[in-house]
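I opened my notebook to look at cores and pockets.

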Amino acid sequence: MPLHLVKLCVGAESIQDLESWIAQRARAAQARGERFEQQHVTRMTPKRGDEIRDGGSLYWVIKGQIAARQTILDLRGVVDGEGVSRCAIVLEPQVRPVRPRPMRPFQGWRYLADKDAPADLTESGAGLAALPEA
């Protein structure tokens, strides 16, 4: 059974903001002639990485609610420009809206058991994913 992560999507006002950031980074990579790979770099490496790699997703908290998820493709150790070890969470670029659930602010990320993960809107109700977030 997969294990998921929950993380604040700092600065995003909506799922559309997150999607536009991803699209902007993809266009920039394409303009440089590079292959686009979406990564979210975090300070700590999850200790339960094998469970996360087994079909886990990163659930984004936007404006105080778990609002969307992206499938985690890999967890990679990286070194930043200052020589500090970090973890790159490699994500599928597709953002999937989920049934909103309130969540208080926190630092870093939290584990989320599969049984506690909110359902995708496309699975839980016909046409709900097409509705505006407001």
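Predicted model: local features only at pLDDT ≥ 70, side-chain atom pairs only at ≥ 80, totals over all residues.

Residues are numbered from 1 along each chain as its sequence is written, and side-chain values use heavy atoms, leaving out hydrogens and water.

**Pocket.** I looked up the second largest pocket. A pocket is, on a 1 Å grid over the protein atoms alone, an open set of points where a 1.4 Å probe fits, with protein on both sides within 12 Å along at least five of seven lines; lining residues have an atom within 4 Å of a point. Which element gives the most to its lining? I found α1, with 4 residues. β1, α1 and β2 (38-42) each supply at least two lining residues. The lining has 15 residues, and Leu-8, Cys-9, Val-10, His-40 and Trp-60 lie nearest the centre.

**Trp-60.** I then checked its contacts (heavy atoms within 4.5 Å). Leaving aside neighbours within four places in sequence, Trp-60 touches, among others, Leu-8, Cys-9, His-40 and Leu-91.

**Core.** A nonpolar core is a set of buried Ala, Val, Leu, Ile, Met, Phe, Trp, Tyr and Cys residues joined through side-chain atoms within 4.5 Å; buried means under 20% relative accessible area (1.4 Å probe, protein chains only). The largest one has 20 residues, and Trp-60 is among those with the most contacts inside it.

Note on methods
Buried < 20%, exposed > 50% of the residue type's maximum accessible area, 1.4 Å probe, protein only.
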